[in-house]
Amino acid sequence: MLSKACVVGAYQRKLEEIAAYDNIELTVAVPPEWKDERGILKLEKIYTRGYRLVTQPILFNGNFHLHFYPRFEALVREVLPDVIHIDEEPYNFATFHALRLAQKYHARSLFFSWQNLNRRYPFPFNAIETYVLNHTDYAICGNHDSVEVWRSKGYTGKIKVIPQFGVDTELFSPNPKSQISKSQLPTSNLQPPTSNLQSPISNYTIGYAGRLVREKGVHILLRAFARLNDHSRLKILGSGPQHDSLENLARDLNVRDRVEFLNWIPSTETPDFSRSIDVFVLPSLTQSNWKEQFGRALIENMSCGVPVIGSTCGEIPNVIGDAGLIVKEGDDLELANALIRLRDDIDLRNDLAQRGRERVLEKFTQKRIAEETVRVYRELKM
């Protein structure tokens with residue numbers, strides 16, 4: 001497997017689960033680090049049992065379309081794999097390079113895609129995309145729209161929807177003290193929301209974790225939070241180019257003293273963040289060149305027993321299902337009302353917390369994702 005995503009330690013749990021299957025010998029090539037709008041993501045070696053994790057030099061680090069691994073052929077020649085799992089989009093040079101090596105060394109190949117918009121690329125990326133679609137043996141898509149995209153672009157091979165990574169449900173587990181009963185709260189807390197959006201609950205904490213970029217809609221969350229006009233808190237975990245503008249917006253909305261901006265933390269520490277909040281919000285916004293491809297933070301928080309609210313953007317409604325609240329993207333008033341519902345309805349919060357955890361256990365565990373992925377590998381060997 002070739003995967004820059006697996007520099008994240010929590011994601012490596014899937015690799016251990018894959019390697020645990022009989023007759024699977026897994027070698028995973030990763031870069032020493034990956035650069036994106038959050039900064040530099042250093043390789044975290046957290047879950048490394050049962051398989052071989054190999055660090056590969058990378059060229060054009062941070063360039064999504066141009067990066068590749070110049071020494072990957074030496075590793076392929078050494079391992080002589082039956083299958084090369086290319087954890088990259090089909091229009092990237094890294095995918096083309098790895099596919100050509102698969103052909104040279106007689107390995108079956110597959111690519112992974114999140115792409116859920118039918119985008120057209122200039123040369124040479126359109127040529128790379130066409131070649132990969134015509135020569136790869138299998139495609140794994142992280143969402144349902146992605147299947148439609150590649151079918152419309154002429155891919156006729158085998159294809160399956162499997163999220164890129166699941167959740168380690170032992171790491172991302174609920175806080176046993178998180179459930180609150182009505183008897184623990186004053187009667188006034190059980191009243192429906194008032195018209196001026198005030199609440200007697202003083203410890204209600206809302207959270208967001210992810211990139212601080214416009215398409216993630218954090219500015220919508222801030223505007224919704226400002227409408228609550230109570231003593232609730234908002235924690236924003238992440239980094240990105242919008243950090244300063246979001247801080248300024250919080251000041252303009254007169255809520256800066258109730259908003260905590262937290263720096264990015266190692267992936268294995270994010271469960272502590274989830275357990276510190278009462279509700280998680282993913283308010284993503286569709287752009288001309290992007291819509292939410294999955295929303296991994298949703299399933300991490302659901303696994304921790306945290307009720308979630310997501311917008312109608314992209315794959316979010318499919319991920320949440322009936323285990324959370326869905327609001328119209330870009331509508332801060334509707335989001336504020338959803339936050340109020342969860343603030344004031346303890347039974348609903350507990351119900352969604354339980355349903356979210358159950359949905360993850362059914363559909364989104366690392367073990368379940370590994371099982372589906374190994375099934376693809378075995379299909380390729382038939």
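**View 1. Asn-254 lies in the loop between helix 7 and strand 11 (259-262).** Helices (H or I, at least four residues) and strands (E, at least two) are DSSP runs, numbered from the N terminus. This is a predicted model, in which local features need pLDDT of at least 70 and side-chain atom pairs count only at pLDDT 80 or more, while totals for chains, interfaces and linings use all residues. Residues are numbered from 1 along each chain as its sequence is written, and side-chain values use heavy atoms, with hydrogens and water left out. Asn-254 is not a glycine, yet its phi is positive, at about 60 degrees. Most residues other than glycine have a negative phi, and most peptide bonds are trans. With 66% relative accessibility, Asn-254 counts as exposed. Exposed means over 50% relative accessible area, buried under 20% and partly exposed in between, for a 1.4 Å probe and protein chains only.

**View 2. His-106 sits in the loop between helix 3 and strand 6.** His-106 is a residue other than glycine with a positive phi, near 60 degrees. The relative accessibility of His-106 is 72%, so this residue counts as exposed.

**View 3. The peptide bond from Phe-123 to Pro-124 is cis.** Its omega is near 5 degrees. Pro-124 is part of the loop between strand 6 and helix 4 (125-135).

**View 4. His-65 is placed in the loop between strand 4 (52-55) and helix 2 (72-79).** At a relative accessible area of 24%, His-65 is partly exposed. Leaving aside residues up to four places away in sequence, His-65 touches Tyr-91, Asn-92, Phe-93, Tyr-121 and Phe-125. Contact here means heavy atoms within 4.5 Å. His-65 and Tyr-91 are 26 residues apart along the chain, and their C-alpha atoms are separated by 7.1 Å.

**View 5. Four strands form an open sheet with the order 5-6-7-8 and parallel pairing.** Strand 5 and strand 8 (158-161) are at the edges with a single partner strand each, so one side of each has no neighbour in the sheet. On average, and with direction ignored, neighbouring strands of this sheet are turned by 20 degrees against each other. Two strands pair if DSSP finds at least two bridges between them. Strand 5 (residues 83-86) and strand 6 (residues 108-113) run parallel and are joined by four bridges, with Ile-86 opposite Phe-111 of strand 6. Four bridges also join strand 6 to strand 7 (residues 138-141), again in parallel, and Leu-110 stands opposite Tyr-138 in strand 7.

**View 6. Strand 5 is covered on both faces.** Val-83 and His-85 on one side are buried, as are Ile-84 and Ile-86 on the other. In a regular strand the side chains alternate between the two faces of the sheet. Helix 3 (residues 93-104) lies across strand 5 and strand 6 and runs at about 180 degrees to strand 5. Axes are lines fitted to C-alpha atoms, for helices over the stretch in contact, and angles run from 0 to 180 degrees between N-to-C directions.

**View 7. Helix 6 (residues 218-228) packs on helix 7 (residues 243-252) at an angle of about 15 degrees.** The axes of the two helices are 10 Å apart. Helix 6 and helix 7 are therefore roughly parallel to each other. Angles under 35 degrees count as roughly parallel, over 145 as roughly antiparallel, 65 to 115 as roughly perpendicular and the rest as oblique. The crossing of helix 6 with helix 7 is right-handed. A crossing is right-handed if the near helix is turned clockwise from the far one by less than a right angle, and left-handed if anticlockwise. Val-218, His-219, Leu-222 and Arg-223 of helix 6 meet Leu-246, Leu-249 and Ala-250 of helix 7. The contact of helix 6 with helix 7 has five nonpolar residues, one polar and one charged. Ala, Val, Leu, Ile, Met, Phe, Trp, Tyr, Cys and Pro count as nonpolar, Asp, Glu, Lys and Arg as charged, and the others, Gly among them, as polar.

**View 8. Helix 11 (residues 332-344) and helix 12 (residues 346-363) pack at about 100 degrees, with axes 5 Å apart.** This angle makes helix 11 roughly perpendicular to helix 12. From helix 11, Arg-341, Leu-342, Arg-343 and Asp-344 meet Ile-346, Leu-348, Arg-349 and Leu-352 of helix 12. The contact of helix 11 with helix 12 consists of four nonpolar, no polar and four charged residues.
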